[in-house]
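Colleague: I would like to learn how to read helix packing, domains and salt bridges in a model. Please take them one at a time.

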Amino acid sequence: MNYYIVIPAHNEEQFIALTLESLVSQTLLPKKVVIVNDNSTDTTAEIVESFAKQNPFISLVEKKSSAIHLPGSKVIQAFQTGFETLDDNYDVIVKIDADLIFPLNYLETIDKHFKSDPQIGMVGGFCYIEKNGEWILENLTDKDHIRGALKAYRKEVFKQIGGLKPQMGWDTVDELLCKFYNWKVVTDESLQVKHLKPTGANYNKTARYKQGEAFYTLGYGFTITAIASAKLAMMKKKPLLFLDYIKGFWKAKSAKTPLMVTAEQAKFIRKYRLKKMKEKVF
């Protein structure tokens, strides 16, 4: 299978060489890797170009966007810029962050999953962060969810869900739509990926409201949003975030913000989410 990888990057001179080193050393090499240099003011571009000289499957694309770091929109717009430079000869499209170190068998292992079952639509490993000299699971989501930092999509799924949506919640709606269209999502605990920069380190107050807005645009409704907000705030060990999330939800609702999904998909999502919540309780 042909693997195409797109990496949005903004001021990643500290980490991107480590990410690219882990990709060019894979036991199954990607066919193409596109790095989108999004307005970097450091040496990100030079580092990528030095890798591209040695590895013809790596290319650099320049993008100019604002310096404001809002989760979701900026990174997916950058992804889209890179994706548009690619041809259609891929079997799996992979979106990854520029601050990861992959185990050397990463692509080979996800390839085995995709080949094992034609109904598998998405595959991913797990992010680990360093704490006190140890690599521990970055525990922000359930074990059946693939983190936004390392998403791999079968081509048919990627096209069916309409690609990636440039707003916060893109890395949840993709999996929910995957389920809506009867594809399987697989996470592999043996694939431990080092995440060098913990999630959300640069997000501000506006970004915190965005999470509540994302719950609204996913079609969750208030009850599921309240439960999801409480859980996420507790996982982040910041209980007061709950209020930001709820505020974001009501702001989006009163502004009649368009949903990311159709009415039919929203109904499926609410039913699916409630079912998953009940399974955890009982």
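Modeller: We will go through the domains, then a helix pair, then salt bridges. This is a predicted model, in which local features need pLDDT of at least 70, side-chain atom pairs count only at pLDDT 80 or more, and totals for chains, interfaces and linings use all residues. Residues are numbered from 1 along each chain as its sequence is written, and side-chain values use heavy atoms, with hydrogens and water left out.

Colleague: Into which domains is the protein divided?

Modeller: Domain bounds come from an automatic or database domain assignment. Here they give domain 1 (3-195) and domain 2 (208-279), with C-alpha centres 25 Å apart. Contact means heavy atoms within 4.5 Å; 18 residues of domain 1 are in contact with 19 residues of domain 2.

Colleague: How are two packed helices described?

Modeller: By the angle between their axes and the distance between the axes. Helices are DSSP runs of H or I with at least four residues, and strands are runs of E with at least two, numbered from the N terminus. Axes are lines fitted to C-alpha atoms, for helices over the stretch in contact, and angles run from 0 to 180 degrees between N-to-C directions. Helix α6 (residues 170-180) packs on helix α10 (residues 263-281) at about 95°, the axes being 10 Å apart. The two are therefore roughly perpendicular (65 to 115 degrees). Among the contact residues are L176 of α6 and F268 of α10.

Colleague: Which residue forms a salt bridge with K276?

Modeller: Side chains of opposite charge can pair when their charged atoms come close. A salt bridge is a side-chain nitrogen of Lys or Arg within 4 Å of a carboxyl oxygen of Asp or Glu. D144 pairs with K276, with the closest N and O atoms 3.0 Å apart.

Methods
Angles under 35 degrees count as roughly parallel, over 145 as roughly antiparallel, 65 to 115 as roughly perpendicular and the rest as oblique.
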